[in-house]
Amino acid sequence: MSRQQIPPTQDSDRDHQEHLELSAFQGKFDVTEFVGSVSEKLIAESKADNGPFDPKPFIRSFESIVDKLISVRKDVQAKTEQMEKSVRVAEREYSKKMVELTKGFEAVGNSFSGMESRMNEVSSTAVRIGDQLETVHVERQRAQAAYDLIDFYNQFSKGDTTGLDALRKEGRAGRRQVAVVLRRLNTVAKEVDLPNSDKTRENIEKYCEKFEKEMLNLFDRCYRKGDPKLMHHCAQTLLEFNGGASCVQVYVNQHDFFINNIRDAPPPVDTVLWGSIADPNASPPKNEIGLTELFSEIRGTVDTEAQIVKAVFPNPPVVMQVFLQRVFAQSIQQHMEQLLHKGSDMSDLAYLRVLQLVHFQASTLVEDLKAHELPHMSSRTPYEATEFRRSLTGSAPVTGSTPSTAISTMLETAMEELFVPYTEGQRYMERETKSLITLYGNLLANFARYHKAQKGKSSMFDRMVNQISAATTTTTASGASTTSAQAAAALMRFGVINPDRNADKSPEEPIREEDGVLSVDVAEKMLKWHAETIGRCVELSPPNDVPKNTSTLLRVLAEAIGNSYVDIALETAQLRLEAADSKTEPSMQPLTIVRSIDLICHLWQQYVNIALLPLASSSVTIRREMVVFNNQTVNRMETGANTLLQRITDAIINWLSAQLTKQKRNDFKPRNDDLSFARVNTEPCVLCCEGLEKVRDAAKQNLSGKNLEAFSTEIGVAFHSLLLDHLRKFPVSATGGLMLAKDLKSYQDTVSSFGIPALHERFEFIRQLGNVFLVRPEILKSYITENYLGRIDSSLLKPYLSLRSDWGQFEKGFDSEAIPDAAGQGHGLRDRFTRLSVMMKELEGLKVEGLSMGMPAIPSGLTGTFSRPFGMSNSS
């Protein structure tokens, strides 16, 4: 069924006309937006009408729009076909034009190729012609030069110089040409062998000498007038004549710097420098007033002269080299010799410090002067120095300036030559070694005198005097002197033995006690002086000699600190210990020596590892030798300290043993009086505890780390063994057991203050062993089976139990085993005591139910050597 056409209205056509223009479809086109825009007015009218929806207006509008769109599409298709036709026509025309242009370019390229070929042919011909012309020119020059030389030579043979005189008067160019001719004539005259040639040669030489004097006089007048242009002409002329050496010498010799430096007045004296330069504790000087003024003047002069020389002379580097060589050889060396002579008169250290000061300042000066490096200039004139040779060889001239390092090389050479007389061979190292040995000798002079005097006192007679002197002070507990003490006092009183017999000798300088003290500050001062020497050695020695010189100086330091300082102090301390009476309380002063050695070794190792060994890294062999030597030196000092510490320990243990021998037989079986019960501890206990406290305090003050632990353990273990042996020598009563318990408690408290856990169990065992004299007989058997005593076989404790005063009353009921009679008891007690020690050693480290049962080993007697050394390697 066909739909009925609804004619559109003219108003709707006008409204939709703007949306149907061809421009509305260009760019981005959206169908939904197009439909909405053409329906917007109709939708508004439909909403405004309150009646039912009327689709007719929409139908009319859309039909009209569709018709318009179809018409627009037809117009667009027609335009597109027309434009495609025009494009095809344009493409055909473009193709034709491109073909024509390509043919034209090919024709032009062929023309250029032909032209280039013809130009190459012409160029080759021109090059050949140029070579031929240059050859002809060189030959002509050679012929002309030969002709001129022959002509001038003939004139000189006749004594006629008018030609050269006329040429010389033509001005600057004429003088330069005369210089070249004369140089050539002089060369030819030496090779010509003809009649009358000697006379001709003599005429030529006289004329050359006259010409040179004339040019030098002209240069001197211009120099005085300050005319650099004419000076440059004279210098250039003389350069072409004979190299210009005479001109340079005139310039340098008449320079104001060298004339003014010849002073009648002495240079300024640096009082501050010369007042402290010989003091090794003062810092090395960095400058000297006269040297600083001289170098400042040199810098200013060279800065000015570099500009003048560059403007005047055609070869500035050569002139500057001559000038600077004169500066180093005359001004600097002269002042340097004065300073070194004055330093040498004072001391080797002052000499070496002056040498280092000059080297440092001169090195800085050389680096500053290297900034004045001048380029090498060659002449652009036809009369340059090598023109005659070029004319003969046909070589092309070389013009322009080229960079040069001639001045820098010359400055380094002059610097090296300046110090070679003082550093060549072993001269410098011998001076350094001598200086160090002198410094160390002066520093340790009083130290060496003190210890030499102490060694003189350590004779056998002095040991006897020391022992008798100690005997005069030995008293009993009641204050009465012993027989030996009275005899000794009588000998001392009547002057048979005079301990001050050396006091009559009046030495030139008294020896003080502090002179012989081993001081870390002294060792640090020696290292500081050595470090200064090493720094000077690195600066003044050639780089290849630094490892060898460092090794040499290390041996000097080792000889001073090791042999002349530490070893002497150790030897004296050991002699004192040997000479001391074992009955007198040992001095703890040697422990300060051990502490000082520990610190000195630490400083030594740090210094060698940080400062010396890196300097020998370039030589593997020398570095290895230094490491081996260093280890030997340190090991020698540590071994000496170990030996001294061992002897200190022996002396302390011997003294403790001597105090225990003062125990009286009835100290633990006192009478029932007030005096006996008033005593807190027995005399040996008081002496031993006081001595142990002094040992403890001295050890903690002077030892640390593993050294302190090993030393304290050794003292405690040895004293523990002494007490075990001591307890089986004295009978104990019931009241004496209280005295013994107080003594043992004092021993335990004193040793506990050492802070060594390994000693706590040992002295707790001693305390419990002492309690067996306090326990009632009926519980004694159960008591010895508990705690530490329970770990020991009861049969080993019976030698101690038998010392109870009531032992005979319950001996048979105590155990079924019989106790040996008194007659055979001595040897058995010793055997059982040995078994006790062995058994306690076997119990060491035993653990029962997770509890540590171990105790350190108890020596069966006082050992003469340590189980391990007290080395510095374990110190903290």
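I began with charge: Lys85, Arg88, Arg92 and Lys96 form a positive patch on the surface. For patches I took residues with over 30% relative accessible area and no salt bridge, joining like charges within 9 Å and nonpolar side chains (Val, Leu, Ile, Met, Phe, Trp, Tyr) within 5 Å. A salt bridge puts a side-chain nitrogen of Lys or Arg within 4 Å of a carboxyl oxygen of Asp or Glu. I placed Arg92 in helix 3, residues 56-157.

The model is predicted; local features need pLDDT of at least 70, side-chain atom pairs pLDDT 80 or more, while totals for chains, interfaces and linings use all residues. Numbering runs from 1 along each chain as its sequence is written, and side-chain values use heavy atoms, without hydrogens and water.

Next I looked up the nonpolar patch. Phe29, Val31, Val35 and Phe62 make about 330 Å² of it. Val31 sits in helix 2, residues 31-48. Val31 is exposed, at 52% relative accessible area (exposed is over 50%, buried under 20%, partly exposed in between; 1.4 Å probe, protein chains only).

Then Glu412. I found this residue in helix 15, residues 406-423. Glu412 is partly exposed, at 44%. From Glu412 to Ser363 I read 9.0 Å, C-alpha to C-alpha, across 49 residues of sequence.

Last, the totals. I noted 32 helices and 4 strands (DSSP runs: H or I, at least four residues; E, at least two). Of 876 residues, 41% are buried. Of contacts (heavy atoms within 4.5 Å) between residues at least 6 apart in sequence, 78% join residues at least 24 apart.

Conventions:
Areas by Shrake-Rupley, 256 points an atom, 1.4 Å probe, with all protein chains shown as cover. Lys, Arg positive; Asp, Glu negative; His and termini not counted. Charge placed at Lys NZ, Arg CZ, Asp CG, Glu CD.
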